[in-house]
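The sequence and structure come before the details.

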Amino acid sequence: MSFTVQLFQFFVSGLTTGSTYALIAIGFSIIHNATGIVNFAQGEFVMLGGMFMVTFHSVLKVPLVGAFFLAVFCVAIIGVLLERGPIRHARSKEILVLVMITVGASIVIKGLSMIFWGKNPMTLPPFSGETPLLFMGAAVMPQSIWIFGITIFVVTALHYFFQRTMTGKAMRAVAASRRSAALTGIPVDRMIFLSFTLSGALGAVAGIILTPITTTSYDVGVMLALKGFSAAILGGYGSMPGAVVGGLLLGVLESLGAGLISSEYKDALAFLILL
């Protein structure tokens, strides 16, 4: 394999993981824009998406499409419970207090997941087989194509939602100024509720499409959250187009670093970017 083909292979692999980082980063941005906080439970949403998908599809034998939507729905409900419970009823609305609540929620979710699913990694079969496709000399796994396709669909749907629908425009108004939005009659609490719902659903989608190529376990959420957070910062925190660019860029840089330098530095790159 020539050096050029190797570089292209690393690039494709980086785009695959970078697509999931982009979805995680968008989840961070949606909640930040609505509330001003960093939701450190976002990584647990990703982990839960994979766990629920494995449970529904591999254990309960629910068909793939049905299991996909069930998993997304379950994690979205958990996002709702986080907002409706400790976030909304916190005595102090200081940003630091709310951020620490999400840290606590992350710890609780991880602990309950360990009790419910155990400590062993869980696998999910690829959506359409494991026979690689050759493209310009590089091997592209069918799951990678699913990841690209689903990510493009989700990003396009979100763009339409925020630009063309009244609810999406209302959420953007809350992101610009909660006080001004409230004065114009926009139900701010409802928009925050929707932001946590969307964030949970996005995290679930990322976890579902990533699990067939990496496996999942109760403790993967922390690292995925840090990488998604790094991607959001790389692209400009709070910017959804920036989150997409940052996620893809982080994935490519991570893949090139692992392939050309050493896989031991793969995770360190995200922390360097964060610094």
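## Positive phi residues

Lys-61 is exposed because its relative accessible area is 63%, where exposed means over 50%, buried under 20% and partly exposed in between (1.4 Å probe, protein chains only). Lys-61 sits in the loop between helix 2 (42-59) and helix 3 (64-89); helices are DSSP runs of H or I with at least four residues, strands are E runs of at least two, and both are numbered from the N terminus. Its phi is positive, about 65 degrees, although Lys-61 is not a glycine. Most residues other than glycine have a negative phi.

Thr-215 also has a positive phi of about 65 degrees without being a glycine. Thr-215 is in the loop between helix 8 and helix 9 (221-235), and is partly exposed because its relative accessible area is 35%.

## Basis of the values

The model is predicted: local features need pLDDT of at least 70, side-chain atom pairs count only at pLDDT 80 or more, and totals for chains, interfaces and linings use all residues. Residues are numbered from 1 along each chain as its sequence is written, and side-chain values use heavy atoms, leaving out hydrogens and water.

## Aromatic pairs

The structure contains nine aromatic pairs, defined by ring centres within 6.5 Å for Phe, Tyr and Trp (its six-membered ring), with planes under 30 degrees apart stacked, over 60 edge-to-face and the rest tilted. Phe-116 and Trp-117 are edge-to-face because their planes stand at 85 degrees, with centres 4.8 Å apart. Phe-116 is exposed at 61% relative accessibility, whereas Trp-117 is buried at 17%.

Phe-127 and Trp-146 form an edge-to-face pair, 5.6 Å centre to centre with 75 degrees between the planes. This pair links distant parts of the chain, 19 residues apart: Phe-127 is in the loop between helix 4 (95-117) and strand 1 (133-135), and Trp-146 is in helix 5 (residues 142-164). Phe-127 is buried at 14%; Trp-146 is partly exposed at 36%. Ring pairs also join Phe-28, Phe-40, Phe-229 and Tyr-237 into a cluster.

## Nonpolar core

The largest nonpolar core has 72 residues, and Phe-52 and Phe-68 have the most contacts inside it. Such a core is a set of buried Ala, Val, Leu, Ile, Met, Phe, Trp, Tyr and Cys residues joined through side-chain atoms within 4.5 Å. Helix 8 (residues 188-214) gives the most to this core, with twelve residues.

Leaving aside residues up to four places away in sequence, Phe-68 touches Met-53, Ile-150, Val-205, Ile-208 and Ile-209 (heavy atoms within 4.5 Å).
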